[in-house]
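Colleague: I have the sequence and the coordinates open side by side. Please walk me through what is worth looking at, one question at a time.

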Amino acid sequence: GIDRWSILGESFGGFCVVTYLSFFPEALREAFMSGGLPPIARPTDDVYRRTYPRVLDRCRRYYDRYPDDRERVLEIHRRIGEGSIVLPAGDQLTSRRFRQLGLMLGMSDGAERLHAIVELAPDSPAFLHDVDAGVGFSRNPLFAVIHEACYADGCVTGWSAERLLPAELDDPVLFTGEHVYPWMFEDYASLRPLREAAELLANHSWPRLYDEDRLAVNDVPVAAAIYADDMYVDRALSEETAGRIRNLRGWLTNEYEHNGLHADGGRILDRLIALARG
């Protein structure tokens, strides 16, 4: 019995909101987005060219804050090289998998969480459990399988993050970010059954995810929080998209990281509602 409703999307949820505005705007009363304005009509490579430098910067800032962790991380890699670290699910921990804990660095408490893991003894149950649970790919396998596809607005992703991996990340003490690589479907036992599907999707020619003409005449009130220092969703591309959506009011802020809605949801949602309703 509801003809129109209000929707809120954070991160990938915001990408879904823009698709909704593109194809079914008549069902929407208003739309809110938090850290989730997708690039439109751009190849997936444009995303990783912009986000990798930010990941490198977060790594440098992490070690500025926790300089002793550099030696701890090297020791963890040494233990990994000996084959002495086996995770609770039975997976042998690899260095490249351990480095994916850098995914945390885009969150407001991410540096503290990563430091808390690195400080633990590598052979302790706490370390093994926290590394296993650290990035969530085993719990959420679709995160790994379709992550790059969410940036595929009419293109082939072709394992973009793997192809654009910067040489600086050859340094073992540096972490990667929100990146998916083909080797993950070997290193994570839980992802191995999806290896063929992931390869098919990486080589799939995706249709357009958004309707630029429809967005240009949009009459649904939209409010979007854009996080200036977001490690995952590039600010410049977000602002570019905001300029393509008629009737969108943007709020650019450096007060929050990507998880702003989780960190201070009441204030952010109140602000977005106020923007959308004038």
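**A threonine and its surroundings**

Colleague: How far from a polar atom of the Thr44 side chain does the backbone oxygen of Tyr151 lie?

Modeller: A polar contact here is a pair of N or O atoms within 3.5 Å; within protein, one must be able to donate a hydrogen and the other to accept it, and residues adjacent in sequence count only if both atoms are side-chain atoms. The backbone oxygen of Tyr151 and a polar atom of the Thr44 side chain are separated by 3.2 Å.

Colleague: Before we go on, what kind of model is this?

Modeller: Residues are numbered from 1 along each chain as its sequence is written, and side-chain values use heavy atoms, with hydrogens and water left out. Local features need pLDDT of at least 70, side-chain atom pairs count only at pLDDT 80 or more, and totals for chains, interfaces and linings use all residues, since the model is predicted.

Colleague: Is Thr44 buried or exposed?

Modeller: Thr44 belongs to helix H2; helices (H or I, at least four residues) and strands (E, at least two) are DSSP runs numbered from the N terminus. Contact means heavy atoms within 4.5 Å, and beyond four places in sequence Thr44 contacts Glu148, Tyr151, Ala152, Cys155, Thr157 and Ser160. Buried means under 20% relative accessible area, exposed over 50% and partly exposed in between (1.4 Å probe, protein chains only). Thr44 has a relative accessible area of 1%, so it is buried.

Colleague: What is the relative accessibility of Arg97?

Modeller: Arg97 sits in helix H4 (residues 95-98). Setting aside neighbours within four places in sequence, Arg97 contacts Leu87, Asp91, Asp132, Ser138, Trp183, Asp187 and Tyr188. Arg97 counts as buried because its relative accessibility is 4%.

**The strands**

Colleague: Which residue in S3 is the bridge partner of Met33?

Modeller: Strand S2 (residues 28-34) runs parallel to S3, with 4 bridges between them. The S3 partner of Met33 is Ala224.

Colleague: Which residue in S4 stands opposite Ala224?

Modeller: Strand S3 (residues 222-227) pairs in the parallel sense with strand S4 (residues 248-253) over 6 bridges. Another of these pairs is Val222 with Leu248. Opposite Ala224 stands Gly250.

Colleague: How many residues of S3 are buried?

Modeller: One side of S3 carries Val222, Ala224 and Ile226, the other Ala223, Ala225 and Tyr227, and both faces are covered. The buried count for S3 is 6 of 6.

Colleague: What is the relative accessible area of Asn247?

Modeller: Most residues other than glycine have a negative phi. Asn247, in the loop between H12 and S4, has a positive phi of about 75 degrees. Asn247 is partly exposed because its relative accessible area is 37%.

Colleague: Finally, what is the radius of gyration of the protein chain?

Modeller: The protein chain has 14 helices and 4 strands, and 51% of its 278 residues count as buried. The radius of gyration is taken over C-alpha atoms, and the globule rule is 2.2 Å times the number of residues to the power 0.38. For 278 residues a compact globule would come out near 19 Å, which agrees with the chain's value of 20 Å.

Definitions and conventions: Pairing = 2+ DSSP bridges.
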